[in-house]
Amino acid sequence: FPGVNRMISVFDKKEECCGCTACKSICPTKAIQMKVDDEGFKYPEINRKLCIDCGLCRKTCAFQYGYDISENFEIPDAYGVKHKNNDIRMESRSGGMFTAISDHIIDNNGVVYGAGYNNHFEVCHKRATDKSQRDEFRGSKYVQSELGDVFLQIRNDLLEGKWVMFTGTPCQTAGLDIYLTRTGINKDKFILCDIICHGTPSPKLFKDYISYIEQKYKNKIENFDFRNKKKFGWEAHRESFKINNKEYYSDIYTTLFYKHDSLRPSCFNCKYTNMNRPSDITLADFWGIDKISPDFNDNKGVSLVFVNTEKGKKIFNNVKNKLDYLNCTGVSFIHPNLREPTKRPASREQFWKDYQKYGFEYIVKEYAEYNFKGIMKRYTLALVKKIGLYNIIRKILKR
């Protein structure tokens, strides 16, 4: 590795690092630590005094050097899925497929890893050995999760002969898979599930949003839901939070998320926006299900499920008695991130300059449009919807 500084980087550009921690996990001398940058994302840095130049960090980078799809089906089996238990489906983000698989793993004395919360709504990957612990992983969390030493924990679980299920973004699953391969772990009892990912926003943004809410309402948040399906239905995207047991609704964080300025730089250079998934099973919301089977959508959630490997197929067959499902293999899906990465907005550089200079409240006013102009725009749109003109205008614009 070139350079004379004590701390050097595994990558050359930030667009080349997804933050999966595979390089940190495999380092034999613990020379690599994940360091937070000004945008709130973590990147690996190498302590030159500890580095022995073995090169394992670069060899284990799936993001830069590719991922293994040798066991993948040429065309994945695709399904629209709804859990037969409506209570489970309503507690899930889409159709409850994650619960069906993880139930199976836990029922076989296995371990489930997924995104939950640490401390005060800090999104991180956690380990669950029972269903009550696992339930925290249900539902979407639109933040890059902290992985910590999860890869090492999973390796130890597999060495002990446990069934292990991991669910994460495709860059996390690819990084974990190559790490386990490089360390010679038998993966017969290992189930990888990835999601169709739009991009991962900064943990700093979400942390500042939580602080913003609590300052505004002068109290601590007790519960946060990135997408409140029970109140607004599956197809809507509005966050909610509880303070003093009272529920409030917002679209501030949602708006910032969909403007893409807060996404990690590597998201605009994503290697996984295709049908060659780095997992046994892929999970997503089944947008476009109405075009295939309108009667299947009751606005309570439908999972899109890709079965990518023979191992994934065995798991699907083991849980399908708990599911209502449609075989959609070969269908053309509308998800943009199955074709190309989310585009980097022209405003991204200015967004972070403004963030560093003026703070989060300025970002809310100027980028989430919580100013006079934005408030009037939302009020007008709500009024148009209320009097029934919204759908008429949409039909006219589509002509």
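Modeller: Helices α5 (97-107) and α13 (residues 310-319) pack at an angle of about 95°, with their axes 10 Å apart, and the two are therefore roughly perpendicular to each other (65 to 115 degrees). Axes are lines fitted to C-alpha atoms over the stretch in contact, with angles from 0 to 180 degrees between N-to-C directions; helices are DSSP runs (H or I, at least four residues), as are strands (E, at least two), numbered from the N terminus. This is a predicted model, in which local features need pLDDT of at least 70 and side-chain atom pairs 80 or more, while totals for chains, interfaces and linings use all residues. Residues are numbered from 1 along each chain, and side-chain values use heavy atoms, without hydrogens and water.

From α5, the contact (heavy atoms within 4.5 Å) is made by Met97, Ala100, Ile101 and His104, which meet Ile315, Phe316, Asn318 and Val319 of α13. By class, these residues divide into six nonpolar, two polar and no charged, where Gly counts as polar.

Helix α5 also supplies at least two residues to the lining of the largest pocket, as do β5 (111-118), β6 (122-128), β7 (164-168), α11 (252-259), β12 (281-285) and β13 (303-309). That pocket has a volume of about 1,000 Å³, and of its 48 lining residues the closest to its centre are Ser140, Tyr142, Ile195, Ile196 and Asp285. Its lining has 20 nonpolar, 22 polar and six charged residues. A pocket here is an open set of points on a 1 Å grid where a 1.4 Å probe fits, with protein on both sides within 12 Å along at least five of seven lines, and lining residues have an atom within 4 Å of a point; the volume is the space filled by probe spheres set on the points.

Methods:
Parallel < 35°, antiparallel > 145°, perpendicular 65-115°, else oblique.
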